[in-house]
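Me: Walk me through one part of this model up close, please. Keep it chatty, but spell out the cut-offs.

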Amino acid sequence: MTTQHQARVELVSFKKRVRKLRLDLAKAGFEGSDRFLVSAGSNIQYLCGFAGSYGFLIISADRAKLYTDGRYTAQAKAQARGVDVCESTQSPLDLLFSDLHEEQVCRLAVEENRISHALYRTLRRKLRQTRVEPVDGLVEKLRLVKTPDEIEKIRLAARLNSRAFDNVCSRARVEWTEARLAAELDFEFRSLGAEGPAFETIVASGPHSALPHARARSERIVPNSLVVLDHGAILDGYNSDMTRTICFGRVGSEKRRIFRAVREAQKAAVDQVRSGVKAATVDQAARKVLADFGYGDVFPHATGHGVGLEIHEQPRVGAGEKTRLASGMVITIEPGAYVEGVGGVRIEDLLLVTKTGCELLSRTPRQLRTL
């Protein structure tokens, strides 16, 4: 596909997303004279392609305008599709306020759970003739089900993640520190073409692995113990996420039993994944297995979450979640058991939900890998 053709395809895709957003705004009671301010970077990227760290997108009935500053003007012109890039010598917000005043906008919708308190207060102070009205999750709702192009980007990011894991495991040594092992994974991501890690890479060995979100320490890996590696890569703006538990040397029967429990819990949850199933049903399948093994009290987090432009997106796959899975959603399944003083196990895969089940995007085997 040529660059020019790719740009045309992207333009059509972004325009379609904005049209859907306008329909949802209309359903929420917003009229043609109202405006919607998108301030979350990932939502701006989803709607127009701009990936800079500073910008504001205004959606009206017939236009979309992107406001950013001089640091990102060239980037916005290169990346943004289907929007007008507004340039000014004054601050982007001042220009945005000026435009809204000139257009006599009576109502401005903002992202309730994304907008900062400081920006919300500034809007209320600067736009005294405009009613600033928070709305929740409109863009996130659109992002729940991924397009074929998004799915392919996540699939490639997952493959890169698996390759990085295999490459690092082939050269890893027990003499390394946890921080060294994490750094090797991060380096491997970039060496393979990723933009970087999707989050701070977790490496935790020995009793330290019993902390679900442990930070890699400058201490040597504990031999003959469980080692949890939780890592992801960003490729073309989209994230991957995978966790494997390995060991350097041999581990005893108790630790192997923890591993077996988590592996069976993950399989039970994966077996439940298909379009139409409640997220809570998937979570409950994992919890039942862990409870049967006697580890129900040491699984403190949700079974999974959505992945896309952000590493944590909707839907949440947890207890009480009423969201039903749908074809095109990309989620993680990552049960864990964390026994204080002994160690922890987590096994996490990335899955694409389909009508009849799911496609496993993480290609790395799930067995306890001994190095």
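Reply: Helices (H or I, at least four residues) and strands (E, at least two) here are DSSP runs, numbered from the N terminus. This is a predicted model, where local features need pLDDT of at least 70 and side-chain atom pairs pLDDT 80 or more, while totals for chains, interfaces and linings use all residues. Residues count from 1 along each chain as its sequence is written, and side-chain values use heavy atoms, with hydrogens and water left out.

Let's zoom in on Glu 334, which sits in the loop between β15 (330–333) and β16 (336–339). Glu 334 has a relative accessibility of 9%, so it counts as buried (under 20% relative accessible area, with a 1.4 Å probe and protein chains only).

What does the side chain of Glu 334 join in a polar contact? That would be the side chain of Thr 332, at 3.0 Å (a pair of N or O atoms within 3.5 Å, one able to donate a hydrogen and the other to accept it; residues adjacent in sequence count only if both atoms are side-chain atoms).

Now for who else is around. Leaving out residues up to four places away in sequence, Glu 334 touches (heavy atoms within 4.5 Å) Phe 299, then His 301, Ala 302, Thr 303, Gly 304 and His 305. Glu 334 also touches Arg 346, Ile 347 and Glu 348, plus Asp 241.

One more spot while you're here: Pro 315 lies in strand β14 (residues 313–317). The peptide bond leading from Gln 314 into Pro 315 is cis, with omega near 5°. For background, most peptide bonds are trans.

Terms used. Buried < 20%, exposed > 50% of the residue type's maximum accessible area, 1.4 Å probe, protein only.
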